[in-house]
Amino acid sequence: MNQLKLWIGIITLSLTVGSSFIAIKIVLDSIPPLFAFSIRFMITGGVLILVSYIFDRKSQEIKKIAFWRNALFISAFLIPGGHGLIAYGAQYLSAGIASLLNSTIPLWVVLFMFLIYRNKITNLTKIGLTLGFSGMIILVGPSIGGDQGLSLVGIASLLISSLFWALGSIFSSKVSLPQNFLLSAGMVTLIGGLLLIIPSVLTGELNLLPSYSDINFNLLISYLFLIFIGTVIPLAEFYWLLKVSTAAVANTFAYMAPIVAVFLGWAILAESVTYLTIIATIVILIGVALIVRTSENSNSK
């Protein structure tokens with residue numbers, strides 16, 4: 001696998017995921033979390049399946065029941081377990097803190113790969129993971145140590161969602177799914193969106209939907225951005241990365257996404273970027289580079 005293509009995929013995925021946390025905060029101010037994410041993923045799934053059909057009309061993979069059964073299994077981890085808990089927990093946390101907690105995904109991937117499949121953890125991987133997580137602490141440490149309190153419900157939701165996402169991404173690379181990565185992503189997200197509507201209805205979210213007069217331009221644009229830029233593109237990239245690399249490499253986006261949130265705050269909200277931010281950026285990128293490099297070396301053997 002060409003390293004340049006791999007890095008382009010990781011960086012693009014990090015940019016779209018990082019910016020999506022800003023859109024999530026805007027959307028969840030008006031729309032109940034589970035319902036908002038259910039519609040988000042049903043539309044995403046439909047779009048990805050349609051695009052996969054346009055590019056490969058002769059494929060018969062969509063008709064195979066085994067693929068749909070495996071997609072149901074995977075989607076339970078990735079969507080209700082992963083994104084459903086992000087939607088719930090993000091209500092109680094800032095976009096930066098939510099993104100930080102989401103950055104623990106690569107740690108869980110490596111740990112679960114060791115516990116479930118007895119994969120060896122190389123010294124370089126250990127260093128890369130340590131640097132990545134340390135960079136996150138440097139990045140948001142001052143805000144965590146400040147006067148503002150952090151919601152335990154929000155923290156628990158984001159950490160548990162990271163566990164589910166890590167397991168889902170590992171199983172995605174192990175079970176049989178369509179060779180067309182767009183179709184794979186579409187099947188998983190469509191089913192996941194349908195699964196999310198169940199707890200949304202049971203918890204009475206339909207009674208909390210905004211009226212037509214409450215839907216403003218910012219909300220509409222943020223929701224469209226979240227669906228197409230923050231979901232369709234990154235999920236397609238994520239499944240492509242799973243196909244051409246490993247679950248650990250595919251999830252390195254979680255380290256760099258918080259950096260995107262910080263710099264978006266600087267560019268859009270005129271927030272200051274301190275020397276700690278610059279140091280954290282360098283540390284995180286070195287950590288990601290070590291993980292990617294180690295994976296490339298192991299795959300080439």
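Predicted model: local features only at pLDDT ≥ 70, side-chain atom pairs only at ≥ 80, totals over all residues.
Local features were considered only at pLDDT of at least 70 and side-chain atom pairs only at pLDDT 80 or more, whereas totals for chains, interfaces and linings use all residues. Residues are numbered from 1 along each chain as its sequence is written, and side-chain values rest on heavy atoms, with hydrogens and water left out.

Helices, taken as DSSP runs of H or I with at least four residues, are numbered from the N terminus. Helix α3 (residues 65-89) packs on helix α8 (residues 181-202) at an angle of about 60°, the axes being 7 Å apart; here axes are lines fitted to C-alpha atoms over the stretch in contact, and angles run from 0 to 180 degrees between N-to-C directions. The two helices α3 and α8 are therefore oblique to each other, a class that takes the angles left over when those under 35 degrees count as roughly parallel, those over 145 as roughly antiparallel and those from 65 to 115 as roughly perpendicular. The crossing of α3 past α8 is right-handed, that is, the near helix is turned clockwise from the far one by less than a right angle. Contacts, defined by heavy atoms within 4.5 Å, involve residues of α3 including Phe67, Trp68, Leu72 and Gly84, and residues of α8 including Met187, Val188, Thr189 and Gly193. By class, this contact of α3 with α8 comprises 15 nonpolar, five polar and no charged residues, where Ala, Val, Leu, Ile, Met, Phe, Trp, Tyr, Cys and Pro count as nonpolar, Asp, Glu, Lys and Arg as charged, and the others, Gly among them, as polar.

Helix α8 also packs against helix α9 (residues 217-244), at an angle of about 120° and with the axes 9 Å apart. The pair α8 and α9 is therefore oblique, and α8 passes α9 in a right-handed crossing. Phe181, Leu182, Ser184, Ala185, Val188 and Thr189 of α8 meet Leu235, Ala236, Tyr239 and Trp240 of α9, giving eight nonpolar, two polar and no charged residues. Thr44, in helix α2 (residues 33-55), touches Thr189, Ile227, Thr231, Val232 and Leu235 when residues up to four places away in sequence are not counted. Thr44 is buried, with a relative accessible area of 0% (buried means under 20%, exposed over 50% and partly exposed in between, with a 1.4 Å probe and protein chains only).

Aromatic pairs, in which the ring centres of Phe, Tyr or Trp (its six-membered ring) lie within 6.5 Å, number 10. Phe73 and Phe171 form a tilted pair, 5.5 Å centre to centre with 35° between the planes; planes under 30 degrees apart would count as stacked and over 60 as edge-to-face, the rest being tilted. Phe73 lies in α3 and Phe171 in helix α7 (residues 152-172), so the pair ties together parts 98 residues apart in sequence. Phe73 is partly exposed at 38% relative accessibility, whereas Phe171 is buried at 15%.

Two loop residues complete the description. Ser30, between α1 (3-28) and α2, is partly exposed at 28% and touches Leu208, Pro210 and Leu219, not counting residues up to four places away in sequence. The C-alpha atoms of Ser30 and Ile215, 185 residues apart along the chain, are separated by 8.2 Å. Arg118, in the loop between α5 (105-117) and α6 (123-144), has a positive phi near 60° and is exposed at 60% relative accessibility. Most residues other than glycine have a negative phi.
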